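Biologist: Could we go through this model together? I would like to begin with its annotation.

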Amino acid sequence: MTTTPADQDRTPDVKAPPSLLYMVKRLELAVRSGLEDLVRPAGVTALQYTALTVLDRHDGLSAAQLARDSFVTAQSMADMVRALESRGLIRRERNPANRRELLIHLTDAGRELLADLAEPVRDLEERMIGDLSPRQVEQFRQALSRTWHALS
């Protein structure tokens, strides 16, 4: 079989690797699915769990700030606050510096729920990074931070 110059110019169909945006989204969906499976028996969603962890690190936030830090809309946060408050996981108190503002605080029951979930959540994270060296984990953490800052 003879080849023509046109045949020689053809390159085999080589697929490009998936985009980084696709890979980040795929990871996010896998993490969210694993987290949902872990927190569902405790009666919370992954988004509610995220909000509770935000309050664990920064107690006494406004609903608007909690929404931003938890990656949800203000309307979603309003619904979430009502649900979490009805379960006794959070409480709202007037801001002494601005009486019109309510600040959201984690309750002892909320802290207890987070403590109960801490080990399974750590195990999920360990599964995610299990094939990485400690140096690669730190590089991954730094890369995630830098790329988030680039888009924020």
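Biologist: Which residues does the UniProt annotation "domain: HTH marR-type" cover?

Modeller: According to the unreviewed UniProt entry, that domain covers residues 17-149; such annotations may be inferred rather than shown by experiment. This is a predicted model, in which local features need pLDDT of at least 70, side-chain atom pairs count only at pLDDT 80 or more, and totals for chains, interfaces and linings use all residues. Residues are numbered from 1 along each chain as its sequence is written, and side-chain values use heavy atoms, leaving out hydrogens and water.

Biologist: Next topic: at what angle do α3 and α5 pack?

Modeller: Helix α5 (residues 74-86) and α3 pack at about 80 degrees, with their axes 11 Å apart. Axes are lines fitted to C-alpha atoms, for helices over the stretch in contact, and angles run from 0 to 180 degrees between N-to-C directions. α3 is therefore roughly perpendicular to α5 (angles of 65 to 115 degrees count as such).

Biologist: Which residues make the contact?

Modeller: Leu47, Gln48, Ala51 and Leu52 of α3 meet Met77, Met80, Ala83 and Leu84 of α5, contact meaning heavy atoms within 4.5 Å.

Biologist: How do these contact residues divide?

Modeller: The contact of α3 with α5 has seven nonpolar residues, one polar and no charged. Ala, Val, Leu, Ile, Met, Phe, Trp, Tyr, Cys and Pro count as nonpolar, Asp, Glu, Lys and Arg as charged, and the others, Gly among them, as polar.

Methods
Helix = DSSP H or I, 4+ residues; strand = E, 2+ residues; numbered from the N terminus. Parallel < 35°, antiparallel > 145°, perpendicular 65-115°, else oblique.
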